[in-house]
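Please read these notes with the model open beside you. They go from the overall fold to local details.

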Amino acid sequence: MSKLTAAITGVHGYLPDYILTNAELATIVDTNDEWITTRTGIKERRILKGEEMGTSKMVIPAIEGLLEKTGTKPEDVELIICATVTGDSIFPDTANTAAYHTGCVNAFGFDINAACSGFLYALSVGAKMVEGGTHKKVIVVGADKMSSIVDYTDRTTCVIFGDGAGAVLLEPNHDGLGVLDYEHRGDGSGEKYLYLVAGGSRKPATVDSVMAREHFVRQNGAPVFKAAVSGMTSMVGEVMGRNNLTAENLDWLVPHQANIRIIQAISRMADLPMEKVMVNIQKYGNTTAGTLPLCLWDYENQLKKGDNLVLTAFGGGFTWGALYLKWAYDGQA
Ligand code: UT7
């Protein structure tokens, strides 16, 4: 019997019904399908519409679906970690709201704010709770309602982001499956390239901050692009190297979905064919903390027990990292 690890035993997601196409965006800002497709790879993204529809409205169905498909009783869940930068409110945390509404009455919960790396960080934290032997059922969620902080007058950001949520169940494993290694990094000097000006304690909301559109995402795309490629490539290389993973024995690279050109650059630099790289950016855009679990959900049917997966992400902060896991069950092809 090998040492106690935390295995993903199920994945589920939730995507809002509303599809915002490139064609519709071209009626809102000065853009076009050709630019968006060639510069980002995105064709459409989902948008959560309606009054008082916070991120929990996507997290709750993602968790409900996960409980149902894994045959898990809500009262057996001990912990929910929700990675998000668009929680329902600054506090309370969305994980607890979701626990309450899904009947996970014995779970405690907290949110992790690490932008696009949120799910990756949360997955390693959740895995440690299982590996420590204290928790047997941990749900890790990545979810963002980016449409709530995107400026639909700014063509440089509004074409990129979308809304969505994904959730995984972590359970103990003694067969060498599950999360086996990770490496995370952060660099606060990156805050000037991708950020919200106002709405936090440094600059609380005022009439002026609203009028100046300071509650929307601002990004200087080029330096973020460069740092994303080098950050993810180096973390993937490090995690692959020390786990003797090669282009042959790695089954899947699961990269954050921010830009198809970033994904292709990582695949090239890591010498991995694109057939081994999960890509769904064309359908959902960048859902921030949602991208990695939504990839796992989309590709679940193609995954086999024992597959070697490396997940990698890069986001605002800057935050970035990579995580190696062995998939624990056969998908239903
Ligand atoms: O997930 C968190 C981390 N975020 C990322 O990883 C994002 C990283 N950055 C990127 O993906 C890319 O930098 C963007 C997609 C944001 C931008 O692509 P780019 O190739 O870096 O474009 P650019 O900002 O250099 O702009 C090139 C041109 C500019 O026009 P001029 O100055 O050359 O005349 C922009 O004004 O493209 C113009 N442009 C657009 N044109 C049509 C920018 N956005 C658009 C647009 N439609 N939506």
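The numbered points below cover the fold, the sheets, the cores and a few backbone features.

1. Overall build. This is a predicted model. The protein has 11 helices and 13 strands. Its radius of gyration is 19 Å, close to the 20 Å that the globule rule gives for 333 residues, so the protein is as compact as a globular protein of that length. Along the principal axes, the C-alpha atoms fill a box of roughly 60 × 45 × 40 Å.

2. Burial and contact range. Of the 333 residues, 55% count as buried. Among contacts with a separation of 6 or more, 76% join residues 24 or more positions apart.

3. Domains. The protein divides into domain 1 (5–176) and domain 2 (180–326). The centres of domain 1 and domain 2, taken over C-alpha atoms, are separated by 14 Å. Across the boundary, 51 residues of domain 1 are in contact with 46 residues of domain 2.

4. Five strands make an open sheet with mixed pairing, in the order 1-7-6-4-5. Its edge strands are strand 1 (5–14) and strand 5 (108–112), and each of them pairs on one side only. From one strand to the next, the twist averages 20°.

5. Strands 1 and 7. How do strand 1 and strand 7 pair, parallel or antiparallel? Strand 1 and strand 7 (residues 163–173) are antiparallel and share nine bridges. One point to check by eye is Gly10, whose bridge partner in strand 7 is Leu169.

6. Helices on the five-stranded sheet. Helix 3 (residues 56–70) lies across strand 1, strand 4, strand 6 (138–145) and strand 7. Helix 3 runs at about 120° to strand 1. Helix 11 also packs on this sheet, where it touches strand 1, strand 6 and strand 7. The direction of helix 11 makes about 85° with that of strand 1.

7. The four-stranded sheet. Four strands form an open sheet in the order 8-13-12-11, again with mixed pairing. Strand 8 (178–186) and strand 11 (252–255) stand at the edges with a single partner strand each, so one side of each has no neighbour in the sheet. Neighbouring strands here are turned by 15° against each other on average, direction ignored.

8. Strands 11 and 12. Strand 11 runs parallel to strand 12 (residues 308–315), and four bridges join them. Val254 has Leu311 of strand 12 as its bridge partner.

9. Helix 5 (residues 118–131) lies across strand 8, strand 12 and strand 13 (319–326). Helix 5 runs at about 135° to strand 8.

10. The largest core. Nonpolar side chains tend to be buried together in soluble globular proteins. Here the largest nonpolar core has 81 residues. Leu123, Leu296, Leu309, Val310 and Leu311 have the most contacts inside this core. Helix 8 supplies the largest share, nine residues. Domain 1 and domain 2 each contribute at least three residues to this core.

11. Val310 and the second core. Which residues does Val310 touch? Leaving out residues up to four places away in sequence, its contacts include Val236, Val239, Met240, Trp252, Val254, Leu323 and Tyr324. A second, separate core has 22 residues, among them Leu67, Val77, Cys104 and Val141.

12. Cis peptides. Most peptide bonds are trans, and most residues other than glycine have a negative phi. Two bonds deserve a look here. The bond from Phe91 to Pro92 is cis, with omega near 0°. Pro92 lies in the loop between strand 4 (79–83) and helix 4 (94–101). The bond from Gly317 to Phe318 is also cis, with omega near -5°. Phe318 lies in the loop between strand 12 and strand 13.

13. Positive phi. Asn244 is not a glycine, yet its phi is positive, about 55°. Asn244 sits in the loop between helix 8 (221–242) and strand 11. With a relative accessible area of 61%, Asn244 is exposed. Asp271 likewise has a positive phi, near 60°. Asp271 lies in the loop between helix 9 (260–269) and helix 10 (281–284). Its relative accessibility is 59%, so Asp271 counts as exposed.

Terms used
Residues are numbered from 1 along each chain as its sequence is written. This is a predicted model: local features need pLDDT of at least 70, side-chain atom pairs count only at pLDDT 80 or more; totals for chains, interfaces and linings use all residues. Side-chain values use heavy atoms; hydrogens and water are left out. Two strands pair if DSSP finds at least two bridges between them. Helices (H or I, at least four residues) and strands (E, at least two) are DSSP runs, numbered from the N terminus. Axes are lines fitted to C-alpha atoms, for helices over the stretch in contact, and angles run from 0 to 180 degrees between N-to-C directions. Contact means heavy atoms within 4.5 Å. Buried means under 20% relative accessible area, exposed over 50%, partly exposed in between (1.4 Å probe, protein chains only). A nonpolar core is a set of buried Ala, Val, Leu, Ile, Met, Phe, Trp, Tyr and Cys residues joined through side-chain atoms within 4.5 Å. Domain bounds come from an automatic or database domain assignment. The radius of gyration is taken over C-alpha atoms; the globule rule is 2.2 Å times the number of residues to the power 0.38.
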